Amino acid sequence: MSESTDQYALPADFSDRVFGVLLAAADGAAHARDAQEPGETETLALYLLDGLLEALEWAHDGVASDEAACMWLAALRWYKLVNKSYPEGAPEPQPRWIDTAFAGAPALAPGDSQNLLALDNRDMASVGRPLFPQADTTGVLTRAAFVALLPRVDEATTAKIATDAAALTHGAPSAHRAAGAAALVVRAALESGTDSVDRWAALVQEFAIEEPAHDAAEATEADTDEHTGETPGREPQCTAGAGLFRAVGHVRNALSHTEPKAAYDALFDALGEEPDVETAAFATTLLAAVQGTDAVAHRPASEIDPILDAMHERWMALTAGQ
């Protein structure tokens, strides 16, 4: 991956925003599951981030690596965490720190079923070699938010890595576009906070939705049916692009509340009583990309907090000085 130490300036509170995104993924998913934790949504995203971390570690040592392959091997280790064994015929990668950290963890609350279905194969899926070419669900969004945590790379690199991460389990080009857009929206929020909000609609339109019925900036609570949670004129709620569209619109509206807890409450009021877990997790990460840890400062302690702490520490130690 191409990197520069001086071309891309980071905000002074970048570390806090990164930590906020990690915390928010777990909090948003748990909130949508009515406090059930831990779950597949946030743990798979963490494992894929560790795969990207491993690729960075190799690069730091001067060894070239394939980011997508590292993320796939990490996903296989996550599959083993869930199913207690690797897929038949698949590689069996060496364990890493995160495997030790999750040893003995209870059964994970379910997430997007497409993830386990796709990973139960001996071969790695990719953009050019999809195993499930029609798969387009919101399971690609939270991992895309984590890809956005990679600093000092250009937007094309961010979008490519997010697309590669999505393609490991979801083969539809629409899901790939949504993942790329999701990463770029979170990246913009990390870099510019509320100043980035006006860019979000353009990013979603350009990358995720071919013929949007409305501008993303117009996705207000009044535009959403309070009973079904559907936004009129859009794709079905379960697709990645539609989930992204809803998340971005609801976070934009929530940010009209300057107090972080009020913004958080407004976000979940808009998401509805039984929100899609993947969409809720992504929306909460976007809120935290703007507000940092303040976005979820009210959250109760979680049993995976020590793992989130360790990931934050490892990630920042390797990326902050690039």
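Which residue forms a salt bridge with Asp13? The partner is Arg17, and the closest N and O atoms of the two are 3.2 Å apart. A salt bridge here is a side-chain nitrogen of Lys or Arg within 4 Å of a carboxyl oxygen of Asp or Glu. Searching the whole structure gives 13 salt bridges.

The model is predicted, so local features need pLDDT of at least 70 and side-chain atom pairs count only at pLDDT 80 or more, while totals for chains, interfaces and linings use all residues. Residues are numbered from 1 along each chain as its sequence is written, and side-chain values use heavy atoms, with hydrogens and water left out.

Each residue can also be described by its relative accessible area: buried means under 20%, exposed over 50%, and partly exposed in between (1.4 Å probe, protein chains only). Asp13, at 33%, is partly exposed, whereas Arg17, at 10%, is buried.

A second salt bridge joins Asp50 and Arg77, with 3.2 Å between the closest N and O atoms. Asp50 belongs to helix α2 (residues 40-60) and Arg77 to helix α3 (residues 67-83), so the pair ties together parts that are 27 residues apart in sequence. Helices (H or I, at least four residues) are DSSP runs, numbered from the N terminus. Both Asp50 and Arg77 are buried.

Another salt bridge links Asp164 and Lys160, at 2.7 Å from N to O. These two residues are four apart in helix α7 (residues 155-167), which means about one helical turn separates them. Asp164 is buried at 17%, but Lys160 is exposed at 51%.

Salt bridges with shared partners also connect Asp50, Glu57, Arg77, Arg96 and Asp99 into one network.
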